Amino acid sequence: MSLPRALALALGQLGDPRILKVLGKTALVTLALFASLGGILLAGLYRYLVSAGIAFSAELSGLLAIVITVLAGWFFFRVVAMFVLQFFVEDVVRAVEAKHYPETAHSLREIPLGEEVAHASRSLLRTVLANAAALPVAGVLLATGVGAPAVFWAVNAFLIGRELRDMVWLRHCADPAERAPISGGTRLLLGGTVVALLAIPFLNLLAPIVGAASATHLVHRAREKELHA
């Protein structure tokens, strides 16, 4: 299956009540995390400004908390959204499989919560470290105008493509060391598409769900191709 076809099928199923339920949960949890960050910042800034004797402490702390939270949301939304999706992705996989691949339901492996937390934590750590390592390169290319965004796009396309593949593949493979059936190029393009969607307001709420559903199609069609080869 081509990536455009997988994306089209994923978009076509966004109206599925099971998909909408996952979308609601991931969006609410992600936004709640950023709202909590804003609340913590507001309280901390207000106490600091009051102790420093700065006038209009309440108004200034509120403005600063909003600005910092918005900036944090802009830069880290995809990291948090992908982290949250780890805990609900099974619902997306089940919804896609129930509609398109009902014969595969018997092979779906239940992943314990501890394993999900460990996988999500490793994913978060990889993302932070990889982006930190990319900063010097992006800094050198900043003057080009497009070099820095291209570096971060490539890094995160690789990371997100891998995470989306694993979210589906680890629920079906008999051995975690078994090679996933999606090619590196397809995985990179899938991750790159999701990275691009994550940069667009409002569409960034849909991006992780669309990515997980598309990965489900790609994994199962690739498995079918291997079985019939």
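Author: A nonpolar core is a set of buried Ala, Val, Leu, Ile, Met, Phe, Trp, Tyr and Cys residues joined through side-chain atoms within 4.5 Å. The model discussed here is predicted.

Reader: Which residues have the most contacts inside the largest nonpolar core?

Author: They are V92, I160, L164, L190, V194 and I209, in a core of 46 residues. Elements that give two or more residues to this core include helix 4 (89-100), helix 6 (147-169) and helix 7 (184-198). Helix 8 gives the most, with eight residues.

Reader: What is L164 in contact with, leaving aside its neighbours within four places in sequence?

Author: On that basis, L164 is in contact with M82, L190, V194, P208, G211, A212 and A215.

Reader: Why is E163 called buried?

Author: Buried means under 20% relative accessible area. E163 has a relative accessible area of 3%, and therefore E163 is buried. Its place is in helix 6.

Reader: What makes the link between the side chains of E163 and S123 a polar contact?

Author: A polar contact requires a pair of N or O atoms within 3.5 Å, one able to donate a hydrogen and the other to accept it. The side chains of E163 and S123 are joined at 3.4 Å, and this pair counts as a polar contact. Beyond its neighbours within four places in sequence, E163 is also in contact with Q86, H119 and R126.

Reader: How do the residues of the lining of the largest pocket divide into nonpolar, polar and charged?

Author: The lining has 22 nonpolar residues, six polar and one charged. Helix 3 supplies the largest share, nine residues. The space in this pocket is about 1000 Å³.

Methods
Residues numbered from 1 in each chain as written. Predicted model: local features only at pLDDT ≥ 70, side-chain atom pairs only at ≥ 80, totals over all residues. Heavy atoms only, no water. Buried < 20%, exposed > 50% of the residue type's maximum accessible area, 1.4 Å probe, protein only. Helix = DSSP H or I, 4+ residues; strand = E, 2+ residues; numbered from the N terminus. Contact = heavy atoms within 4.5 Å. 1 Å grid on protein atoms, 1.4 Å probe; cavity = no way out; pocket = protein on both sides within 12 Å on 5 of 7 lines; lining within 4 Å. Points joined across faces, edges and corners; volume = space filled by probe spheres on them. Nonpolar A, V, L, I, M, F, W, Y, C, P; charged D, E, K, R; others polar.
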